[in-house]
Amino acid sequence: MSDFSVIGKRVPKLDALDKATGRAQYGHDLDLPGTLVGKILYANVPHARIVNIDTSRAEKVRGVKAVLTGKHSGAHKFGYGGDNTPLKGDKVRCRRDEIAAVAAMDDDAADEALELIRVEYEELPPLFSAEAALAPGAPLVHQDRADNLFLRYNYAHGDAERAFDEADEIIEQEFFLPYVTHAAMETSFALAAFDLQNRLTLWSTTQIPFLLQRDLSEALGIPGRDIRVIQPVIGGAFGRGLDVYPFEPICALLAKYSGKPVRIAFTREEEFFATAARQPAHVKMRSAAKRDGTLWAREAHALLDAGAYISWGAVTPLVMMETVASLYRVPHAKFVADVVYTNNIPTGAMRGYGNPQSTFFVETQMDILAEKLGMDPVEFRLRNANVPNSETPQGLKITSCGLRECITEVAERIGWERRAGPNSETRLANTTPPQETLQIQTRNPKIKRGIGIACTLNVGGGARIYRSDGCGATVKVDDFGRVTLISGSTEIGQGSETALAQIVAETLGVRVDDVTVINSDTSVKPWDVGTHASRTTFIAGNAAWIAANEVREKILDHAAQMLNVPANQLEMRDRQVRVRGDGKGVAFDKVVRAMHYREDGIVVSGTGWYDPPTKLVDKHTYKGNISAAYGFGAQAVEVEVDTETGQVRVLKIVAAHDVGRAINPMYVEGQIEGGAQMGVGYALTEELQVREGRVLNPTLLDYRMPTALDMPPIESVIVETADPAGPFGAKGVGEMGGNPTAAAIANAVYNAIGIRLNHLPMTGERVLRALQEKERSAAQA
């Protein structure tokens with residue numbers, strides 16, 4: 001780290017002051033002159049034909065400027081599955097379906113108009129589970145399909161059937177995983193306006209501005225070149241903005257028909273039912289090992305409820321199979337996943353993109369196998385851990401890999417030697433707890449303590465799920481030494497702007513506050529596929545480094561002439577270009593002016609484009625190297641379980657993650673800790689309650705997301721392996737922090753009370769019920 005001036009430093013976020021003082025302009029703060037309020041009428045029936053829509057009374061409400069139905073949006077379809085339309089004109093497939101929309105002068109007029117719209121439905125038999133949707137004779141959610149199965153993923157390597165015959169230990173379980181929602185602080189937002197040339201500008205909370213251009217073009221039937229997407233400051237997304245939603249083209253249609261700018265800002269209730277949740281899953285899995293501790297085989301069958309429309313969430317099985325097939329060295333694996341249409345709410349991408357689900361069932365079974373073999377869970381994981389410079393049977397080319405170091409770090413720091421066996425009468429409740437938990441009562445016999453561990457593998461160098469995984473960048477320097485980075489990347493609150501500024505500043509030898517980052521306007525910035533798959537630091541960082549390095553070479557060449565020394569003897573540091581070793585040099589901005597103010601002078605700039613050397617997985621085998629680098633991590637947790645109430649309390653989390661190199665350790669820790677918070681919620685409290693297609697808990701009060709007061713101390717450990725392909729060795733880290741948390745907690749709960757809980761979340765009611773069932777079984781025995 002001492003070789004760097006900026007890389008590895010805890011630099012404050014570029015937008016920290018604006019956010020702390022309230023100066024940041026979020027979407028909800030935007031308001032163009034004459035802007036109208038847009039609102040949507042939802043079906044609130046799960047499956048029906050639309051017989052008639054009467055908007056006549058709504059159109060007469062004072063202040064209403066436009067009332068739209070399916071006849072205004074036409075038959076233009078959009079979305080990953082090509083199965084959605086902005087406003088539905090013939091059929092309802094879920095309660096969220098958008099039936100009509102209004103634009104009015106104020107909220108009261110818009111609300112009144114919605115209440116006056118009359119819709120006549122002919123209700124159809126609904127499907128509320130993937131199992132029911134696959135049953136013979138089930139009604140079709142989409143009539144143009146032969147059945148309700150959207151897609152089956154079928155992956156295999158080795159020979160799983162033979163491997164299970166050869167194995168010494170085999171385990172088999174079922175897992176039930178719930179709907180979970182993003183619950184970003186800022187709700188979804190769009191503001192649409194057309195200019196006099198009929199060109200659309202849309203301000204949106206999207207994570208994919210360039211793909212949104214394409215999706216809007218499909219949904220609206222207008223050329224993509226006439227669509228401009230601008231991202232205001234975004235207050236969190238976590239995968240929510242990876243898809244286009246009907247409200248965005250609806251907002252544009254309202255602007256078109258009213259002739260005025262229109263804004264749609266979701267209420268919190270809308271945010272819960274009208275965006276895409278993490279899909280629920282029913283998984284059957286078995287794993288096998290050899291007596292010597294060799295992990296031998298895995299087989300998993302997953303049933304995923306996609307809801308009424310297909311989004312990018314349908315791609316999550318690609319990530320699930322990566323965990324099944326490539327986390328640890330496993331010579332035989334099979335993974336089958338069915339993505340199924342139902343009349344439930346649509347599901348989509350959420351942080352981890354299938355990895356929290358698959359890590360939960362894979363890492364639960366790693367613990368069980370270790371116990372069956374009579375091995376320590378840490379020892380079993382170390383024995384089978386992935387190693388650097390290797391390739392998995394799935395085709396993942398692992399370069400840097402710090403999985404062993406992560407496992408060792410968390411085991412040591414959690415105090416693994418204090419862990420009692422699950423059948424031991426002596427529990428952690430009767431041992432000296434770590435310093436952080438000394439205030440917890442440890443002598444109550446009803447309180448049981450346990451320690452658990454889980455690991456994760458995650459893409460860390462992009463993920464080619466689209467034809468291009470690239471990002472462009474431009475770096476220019478003005479006469480005063482101010483550096484501007486124009487990046488295709490998207491900032492959604494994760495701090496990527498600051499990391500990119502650090503990469504550019506280090507390359508050019510200037511300070512971070514000398515760098516301005518522009519990345520919010522598709523008419524200005526170069527192309528990028530979007531923010532997902534923990535890709536921004538790696539992909540956009542490489543693009544920024546390429547552009548900055550071009551500028552660096554130009555400056556060094558000219559400074560060499562000014563100083564009369566070879567360019568390879570110069571360095572750029574502290575706003576100076578100087579001779580390495582003797583201190584002679586010239587100011588950075590002076591060199592730039594000298595390059596500009598001369599005959600045949602130039603504006604000092606450079607461009608960069610980075611598209612990693614990866615490929616789309618084979619559509620038949622699902623094999624291939626989807627990422628240019630892979631991140632690894634391990635988390636160990638200590639919990640206590642109240643056996644009278646079933647309540648689980650997490651006392652401490654130790655999280656070690658291999659990030660290649662931490663461009664900014666403070667934000668790496670922030671990503672790890674934020675991910676762990678989402679993992680705690682997934683494990684213990686969070687479940688979007690969906691019954692008969694209706695969301696029953698669409699408020700933050702009822703959704704039960706952990707708050708700061710609910711979180712335990714988190715010890716973040718940064719493991720650096722300096723990946724050869726990453727900018728200054730960095731790999732992505734955005735999703736890893738939440739992947740192994742639920743599994744680690746479940747393993748700790750088992751260590752505390754000797755009960756496996758395979759149904760998330762592990763609420764007090766579920767834990768207590770499991771304890772009571774264990775007592776009844778023991779009494780009957």
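What you're looking at is a predicted model, where local features need pLDDT of at least 70 and side-chain atom pairs count only at pLDDT 80 or more, while totals for chains, interfaces and linings use all residues. Residues are numbered from 1 along each chain as its sequence is written, and side-chain values use heavy atoms, with hydrogens and water left out. Helices (H or I, at least four residues) and strands (E, at least two) are DSSP runs numbered from the N terminus.

**Helix 14 with helix 15**

- Helix 14 (residues 496-508) packs against helix 15 at an angle of about 30°, and the axes are 9 Å apart (axes are lines fitted to C-alpha atoms, for helices over the stretch in contact, and angles run from 0 to 180 degrees between N-to-C directions).
- On the helix 14 side, the contact includes Leu500, Ile503 and Val504, and helix 15 brings residues including Ala544, Trp545 and Ala548 (contact means heavy atoms within 4.5 Å).
- Sort the residues of this contact by class and you get 10 nonpolar, six polar and one charged (Ala, Val, Leu, Ile, Met, Phe, Trp, Tyr, Cys and Pro count as nonpolar, Asp, Glu, Lys and Arg as charged, and the others, Gly among them, as polar).

- Helix 7 (residues 209-220) and helix 8 (residues 247-258) have axes that come within 10 Å and cross at roughly 60°, so helix 7 and helix 8 are oblique to each other.
- Helix 7 makes a right-handed crossing with helix 8.
- Leu212, Leu216, Ala219 and Leu220 of helix 7 meet Glu248, Pro249, Ala252 and Leu253 of helix 8; by class, this contact has seven nonpolar, no polar and one charged residues.
- For helix 10 (residues 316-326) and helix 11 (residues 355-373), the axes come within 8 Å and cross at roughly 30°, which makes helix 10 roughly parallel to helix 11.
- Helix 10 also goes past helix 11 in a right-handed crossing.
- Val319, Met320, Thr323 and Val324 from helix 10 meet residues of helix 11 that include Phe361 and Val362; the contact of helix 10 with helix 11 has five nonpolar, five polar and no charged residues.

- Three strands make an open sheet in the order 4-2-6, with antiparallel pairing (two strands pair if DSSP finds at least two bridges between them).
- Strand 4 (91-92) and strand 6 (118-123) sit at the edges with a single partner strand each, so one side of each has no neighbour in the sheet.
- Strand 2 (residues 48-54) pairs with strand 6 over six bridges in the antiparallel sense, and you'll find Asp54 opposite Arg118 in strand 6.
- Another open sheet has four strands in the order 18-26-27-30, and its pairing is mixed.
- Its edge strands are strand 18 (447-459) and strand 30 (714-720), each pairing on one side only.
- From one strand to the next, the twist averages 15°.
- Strand 18 and strand 26 (residues 630-642) run antiparallel and are joined by 13 bridges, with Ile451 opposite Glu638 in strand 26.
- Helix 17 (residues 665-684) packs on this sheet, touching strand 27 (648-660) and strand 30, and its direction makes about 125° with that of strand 30.
- Strand 3 (residues 64-68) has four of its five residues buried (buried means under 20% relative accessible area, exposed over 50%, partly exposed in between, using a 1.4 Å probe and protein chains only).
- Strand 3 and strand 5 (residues 98-104) pair antiparallel over four bridges, and Val67 stands opposite Val102 in strand 5.

- Most residues other than glycine have a negative phi, and most peptide bonds are trans.
- Asn44, in the loop between strand 1 (36-42) and strand 2, has a positive phi near 60°, and counts as partly exposed at 46% relative accessibility.
- Asn564 also has a positive phi near 60°; Asn564 is in the loop between helix 15 (536-563) and strand 22 (570-573), and is exposed with a relative accessible area of 71%.
- The peptide bond from Leu760 to Pro761 is cis, with omega near -5°, and Pro761 lies in the loop between helix 19 (741-753) and helix 20 (764-780).

Technical notes
Angles under 35 degrees count as roughly parallel, over 145 as roughly antiparallel, 65 to 115 as roughly perpendicular and the rest as oblique. A crossing is left-handed if the near helix is turned anticlockwise from the far one by less than a right angle, and right-handed if clockwise.
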